[in-house]
Amino acid sequence: MNGIRKMAMAGVLLLATAAAFGQSSMQKSEPVATGTFHGQVHATSGRASIYKDMDSKMVLRLTNFKTSNGPDVHVLLIAAKDAEDNQNFLSSMTERVELGKLKGNEGDQNYEIPTGTDLAKFKTVAIYCERFNATFGAAPLEKF
């Protein structure tokens with residue numbers, strides 16, 4: 001019984017340390033831009049926010065995020081003011097920056113933004129299904 005109690009205490013300490021580290025990292029980051037997701041054909045909701053840390057590295061954070069599940073779904077920054085449902089970026093040749101495959105169709109998640117990405121040019125976050133060439137949702141970004 002005593003061993004179980006020690007393991008539980010160690011787990012609580014580990015969680016508290018991780019929480020403090022996460023808050024510390026976020027406090028060192030400043031918000032740069034934010035936007036709210038919309039999507040009709042594939043209901044998409046939540047907030048997209050870009051943060052820059054002290055080393056000028058940028059991260060896209062999706063919060064309260066929810067969209068449809070689908071195959072081969074990616075997170076993109078696109079060179080457009082917004083994106084319509086089921087917009088096909090392959091045929092329209094819209095310039096984009098790939099941030100990676102969608103980590104999950106629900107919940108908070110982070111994506112690193114490549115160094116040198118021009119946020120004056122890439123103004124919208126898009127959730128895009130490559131297999132069906134369709135936009136699930138988009139969040140036009142506004143600067144702080």
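The legends below describe close-up views of a predicted model. Local features need pLDDT of at least 70, side-chain atom pairs count only at pLDDT 80 or more, and totals for chains, interfaces and linings use all residues. Residues are numbered from 1 along each chain as its sequence is written, and side-chain values use heavy atoms, with hydrogens and water left out.

View 1. Helices (H or I, at least four residues) and strands (E, at least two) are DSSP runs, numbered from the N terminus. Along the sequence the pattern reads α-β-β-β-β-α-β-β-β-β-β. Of the 144 residues, 35% count as buried. Buried means under 20% relative accessible area, exposed over 50%, and partly exposed in between (1.4 Å probe, protein chains only). The accessible surface comes to about 8,800 Å², and 54% of this surface belongs to carbon and sulfur atoms. Areas come from the Shrake-Rupley method with a 1.4 Å probe; for residues, only the protein chains shown count as cover. Among contacts between residues at least 6 apart in sequence, 63% join residues at least 24 apart. A contact means heavy atoms within 4.5 Å.

**View 2. Five strands form an open sheet in the order 6-3-2-1-9.** The pairing is antiparallel. Two strands pair if DSSP finds at least two bridges between them. Strand 6 and strand 9 (142–143) are the edge strands, and each pairs on one side only. Strands of a sheet pair through backbone hydrogen bonds, either parallel or antiparallel.

**View 3. Strand 2 and strand 3 run antiparallel, joined by seven bridges.** S49 stands opposite R61 in strand 3. The hairpin of these two strands has five residues between the strands. In this hairpin, S56 takes a positive phi near 70°.

**View 4. Strand 3 also pairs with strand 6, through five bridges.** These two strands run antiparallel. L60 has Y111 of strand 6 as its bridge partner. V59 has E112 of strand 6 as its bridge partner. Y111 also meets a charge: the charged end of K103 sits over the Y111 ring, 4.7 Å from its centre. The criterion is NZ of Lys or CZ of Arg within 6 Å of the ring centre and within 35 degrees of the ring normal.

**View 5. I113 lies in strand 6 (residues 109–113).** With a relative accessible area of 7%, I113 is buried. Its C-alpha atom is separated by 5.4 Å from that of V59, 54 residues apart along the chain. Leaving aside neighbours within four places in sequence, I113 is in contact with I50, M58, V59, L60, L77 and L99.

**View 6. The largest nonpolar core has 25 residues.** A nonpolar core is a set of buried Ala, Val, Leu, Ile, Met, Phe, Trp, Tyr and Cys residues joined through side-chain atoms within 4.5 Å. I50, L60, L77 and V125 have the most contacts inside this core. The elements giving two or more residues include strand 4 (73–78), strand 5 (96–101), strand 7 (124–129) and strand 8 (134–140). Strand 3 gives the most, with four residues. Leaving aside neighbours within four places in sequence, V125 is in contact with residues including F37, A48, L60, V75 and L77. A second, separate core of eight residues includes A83, F89, A126 and Y128.

**View 7. F37 and F65 form the one aromatic pair of the structure.** The pair is edge-to-face, with 5.2 Å centre to centre and 65° between the planes. Rings of Phe, Tyr and Trp (its six-membered ring) pair if their centres lie within 6.5 Å; planes under 30 degrees apart count as stacked, over 60 as edge-to-face and the rest as tilted. F37 is in the loop between strand 1 (30–36) and strand 2 (45–52). F65 is in strand 3 (residues 58–66), and the two are 28 residues apart. F37 counts as buried because its relative accessibility is 5%. F65 counts as buried because its relative accessibility is 2%.

**View 8. N64 and D72 take positive phi values.** Phi of N64 is near 50°. N64 is found in strand 3, and is exposed, with a relative accessible area of 67%. Phi of D72 is near 55°. D72 lies in the loop between strand 3 and strand 4, and is partly exposed, with a relative accessible area of 28%.
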